[in-house]
Amino acid sequence: MALYFKNYRRVAGNGTYIDGFAGTGLIKVAGEERAGSASIAIFSSAFKDLLFFELPGKAKRLQRHIASHVPEQKARRCSVFPGDFNRNIEPILEGAGCYARARQ
């Protein structure tokens, strides 16, 4: 996972992290609960903004995870978009204002 984030930072330039299938913030490995990619990205302090996309049920769990486990300063940099990533990302990349609305 560390190599993935190192290379992602190289591409993103400490800018925006986009996770199209963010999960709930936690994963289970061999019966043990661990930080998922969203949590690792948040606590890496490597990105200015973090955009997480997930289907509605998991998105709610991710929002709860952020609200209860992430310090407010870091949580303010996170936006969770419930729904289909392939449909939700296009307006954001085109600058349609969805990102600004989600940050409010």
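Helices (H or I, at least four residues) and strands (E, at least two) are DSSP runs, numbered from the N terminus. With that in hand, the protein chain reads α-β-β-β-α-β-α-α-β-α-α along its sequence, which comes to six helices and five strands. What you're looking at is a predicted model, where local features need pLDDT of at least 70, side-chain atom pairs count only at pLDDT 80 or more, and totals for chains, interfaces and linings use all residues. Residues are numbered from 1 along each chain as its sequence is written, and side-chain values use heavy atoms, with hydrogens and water left out.

**The chain as a whole**

- Of the 104 residues in the protein chain, 38% count as buried (under 20% relative accessible area, with exposed over 50% and partly exposed in between; 1.4 Å probe, protein chains only).
- The protein chain exposes about 6,600 Å², and carbon and sulfur atoms supply 53% of that (Shrake-Rupley method, 1.4 Å probe; for residues, only the protein chains shown count as cover).
- Take the contacts (heavy atoms within 4.5 Å) with a separation of 6 or more: residues 24 or more positions apart account for 67% of them.

**The nonpolar cores**

- A nonpolar core is a set of buried Ala, Val, Leu, Ile, Met, Phe, Trp, Tyr and Cys residues joined through side-chain atoms within 4.5 Å.
- The largest one has 15 residues, and I42, L50, F52, L62 and I66 have the most contacts inside it.
- Helix 2, strand 4 (49–54), helix 3 (56–69) and strand 5 (78–82) are the elements that give two or more residues to this core.
- Another core, of six residues, lies apart from it, with L51, F53, F85 and I92 among its members.
- Leaving out residues up to four places away in sequence, I66 touches I42, F52, A75, C78 and V80.

**Helix 2 and what follows**

- Helix 2 covers residues 37–44, and S37, A38, S39, A41 and I42 are buried there.

- H65 sits in helix 3 and is buried, with a relative accessible area of 9%.
- Setting aside neighbours within four places in sequence, H65 is in contact with T24, G25, L26, S39 and V70.
- I92 belongs to helix 5 (residues 85–93), and it counts as buried because its relative accessibility is 14%.
- I92 and L51 are 41 residues apart in sequence, and their C-alpha atoms are 10.0 Å apart in space.
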